Each structure stands twice: as structure tokens, then as C-alpha cells.
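Please look over the structure below before reading my notes. Keep it open beside the text and find each residue as you go.

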Amino acid sequence: MAHPKRRQSHTRTAKRRTHDKALIPTLAICPNCGAWHMYHYVCGECGYYRGKLVIDKEAVTL
């Protein structure tokens, strides 16, 4: 296993970590209700996913 002889500088560490960042999620428009939702997720407004009803929003009560 590698054992560094000298400490890595902050600049070198920052250069290595340039690609470790959060990406903006891809959004899509729901064809059923027109609301924005994330890809591969059920629409939070109407409960549809890929044209099929997955969660019946009217039957769910708090």
C-alpha cells in the first residue's frame, strides 16, 4: 500500500476533487398533468409513471 512521504498540498487535493460535484438532476414534463418531475420517478402531482397510474393520489389520505 502506498505511504506518502510528504503531505499533499491543498491545490493538488482540489485538482483531484474537481469532478466530485453534485449534478443538476434531469427534469421532464409529465405527459399526463404537465408538471415537472425527475426522470425515472413517479410524478408527485398525479401519481403516473410512464403513462400508467402507480399511486392513486385521491385514495391516499393523510
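The points below go from the whole chain to single residues.

1. **Ground rules.** This is a predicted model, in which local features need pLDDT of at least 70 and side-chain atom pairs count only at pLDDT 80 or more, while totals for chains, interfaces and linings use all residues. Residues are numbered from 1 along each chain as its sequence is written, and side-chain values use heavy atoms, with hydrogens and water left out.

2. **Overall make-up.** Helices (H or I, at least four residues) and strands (E, at least two) are DSSP runs, numbered from the N terminus. Along the sequence the pattern reads α-β-β-β-β.

3. **Overall shape.** How does the radius of gyration of the protein compare with that of a compact globule of 62 residues? The protein has 22 Å, whereas the globule would have a value near 11 Å. The radius is taken over C-alpha atoms, and the globule rule is 2.2 Å times the number of residues to the power 0.38. Along the principal axes, the C-alpha atoms fill a box of roughly 65 × 25 × 20 Å.

4. **Surface and burial.** The accessible surface comes to about 6400 Å², and 55% of that belongs to carbon and sulfur atoms. Areas come from the Shrake-Rupley method with a 1.4 Å probe; for residues, only the protein chains shown count as cover. Of the 62 residues, 13% count as buried. Buried means under 20% relative accessible area, exposed means over 50%, and partly exposed is in between (1.4 Å probe, protein chains only).

5. **Contacts along the chain.** Contact means heavy atoms within 4.5 Å. Take the contacts between residues at least 6 apart in sequence: 0% of them join residues at least 24 apart.

6. **A nonpolar patch.** Which residues form a nonpolar patch on the surface? They are Leu27, Ile29, Trp36, Met38 and Tyr41, with about 560 Å² of accessible area together. Strand E1 (27-29) and strand E2 (36-38) each give two or more residues to this patch. Tyr41 sits in the loop between E2 and strand E3 (48-49). Patches are made of residues with over 30% relative accessible area and no salt bridge; like charges are joined within 9 Å, and nonpolar side chains (Val, Leu, Ile, Met, Phe, Trp, Tyr) within 5 Å. A salt bridge is a side-chain nitrogen of Lys or Arg within 4 Å of a carboxyl oxygen of Asp or Glu.

7. **Cysteines without a bond.** How many disulfides are there? The count is zero. A disulfide is a pair of cysteine sulfur atoms within 2.5 Å. For Cys33, the closest cysteine sulfur is in Cys43, 3.7 Å away, so the pair is too far apart for a bond. Cys33 is partly exposed at 38% relative accessibility, whereas Cys43 is buried at 3%.

8. **Cys30.** This residue lies in the loop between E1 and E2. Is Cys30 buried or exposed? Cys30 is buried, because its relative accessible area is 4%. Leaving aside neighbours within four places in sequence, Cys30 is in contact with Ala35, His37, Cys43 and Cys46. Its C-alpha atom is separated by 9.3 Å from that of Val42, 12 residues apart along the chain.

9. **His37.** Strand E2 holds His37. At 15% relative accessibility, His37 is buried. Beyond neighbours within four places in sequence, its contacts are Thr26, Leu27, Ala28, Ile29, Cys30 and Cys43.

10. **Leu53.** Leu53 belongs to strand E4. Its relative accessible area is 46%, so Leu53 counts as partly exposed. Not counting residues up to four places away in sequence, Leu53 touches Cys46, Gly47 and Tyr48. The C-alpha atoms of Leu53 and Asn32 are separated by 9.9 Å, and these residues are 21 apart along the chain.

11. **Two positive phi values.** Most residues other than glycine have a negative phi. His40 has a positive phi, near 65°. Arg50 also has a positive phi, near 55°. His40 is in the loop between E2 and E3, and Arg50 is in the loop between E3 and strand E4 (52-53). His40 is exposed, at 67% relative accessible area. Arg50 is exposed too, at 76%.
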